[in-house]
Amino acid sequence: MLEELKKKVYEANILLPKYGLVTFTWGNVSEYDPETKLFVIKPSGVDYDVMKPEDMVVMDLDGNKVEGDLNPSSDTPTHVEIYKAWADKGVKGIVHTHSSYATSWAQAGRGIPCYGTTHADYFYGEIPCVRCLTKEEIEDAYEENTGHLIVGEFERMGKDPIAVPAVLCKNHGVFSWGKDGNEAVHNSVVTEEVAKMAYRCETINPRVQPAPQELQDKHYYRKHGANAYYGQSKKS
């Protein structure tokens, strides 16, 4: 079942250590198939050096394992809630990591401000940091409640998950997403890079302010939206 998707998800997972986003097994990638309404995700705690495409686990949106000999990632319930809320918006791939710089912002409880055009090319405004879960949320359905929190906070803040394809979870780590697993990994790499840049920027100039809104708008909209002109697929 979904053999091609298993291969894609395996290959996307292998990109995490390649780009320095994970240490040991601290991360996972999944991808959703809209035709079957199933998704494939990395197995829990399996080292990237020994993992194989056939180890990937097929899940449904009720959180049930459909196929696979191994247990799915412990973060699977978070992926479930994000797909349930945002698959219809175009979110078909999700990545979770504890990448060093972005997780440092998460542990500090701060979103990543948009200080420059690298950030603005990918994210419309700040990458938010959502609150820590309550004691009750942690003790009962922790991973599921993480998904509810991400979705609920984006709705509360009026943020479009397609325009801001990443989030920091306070005291925890990073989730990013995209139109498939590879794009989600790409956005995870960019999140880590802009987290690093923002940290260094504040170190150099503690009084730095976010980039002017008109500059943020120019860089975001030249790559996204109806009038985008960046790259070879658009007239330039």
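Reader: Which residues of helix α3 are called buried, and what makes them so?

Author: In α3 (residues 100-108) they are Ala 102, Thr 103, Trp 105 and Ala 106. Buried means under 20% relative accessible area, exposed over 50% and partly exposed in between, with a 1.4 Å probe and protein chains only. Helices here are DSSP runs of H or I with at least four residues, strands are E runs of at least two, and both are numbered from the N terminus.

Reader: How do you know that the buried residues line one face of α3?

Author: Looking down the axis, they fall within an arc of 155°, so they line one face. That arc is taken from the directions from the helix axis to the C-beta atoms. On the face turned away sit the exposed Gln 107 and Ala 108.

Author: A caveat: this is a predicted model, where local features need pLDDT of at least 70, side-chain atom pairs count only at pLDDT 80 or more, and totals for chains, interfaces and linings use all residues. Residues are numbered from 1 along each chain as its sequence is written, and side-chain values use heavy atoms, leaving out hydrogens and water.

Reader: What covers the buried residues of α3?

Author: The cover includes β5 (93-97) and α7 (181-204), with contact meaning heavy atoms within 4.5 Å.

Reader: Why is β5 called largely enclosed?

Author: 5 of its 5 residues are buried, so the rest of the structure largely encloses β5.

Reader: What makes β5 and β8 a pair?

Author: Pairing takes at least two DSSP bridges between two strands, and β5 and β8 have 5, in the antiparallel sense. In β8, Phe 175 is the bridge partner of His 96.
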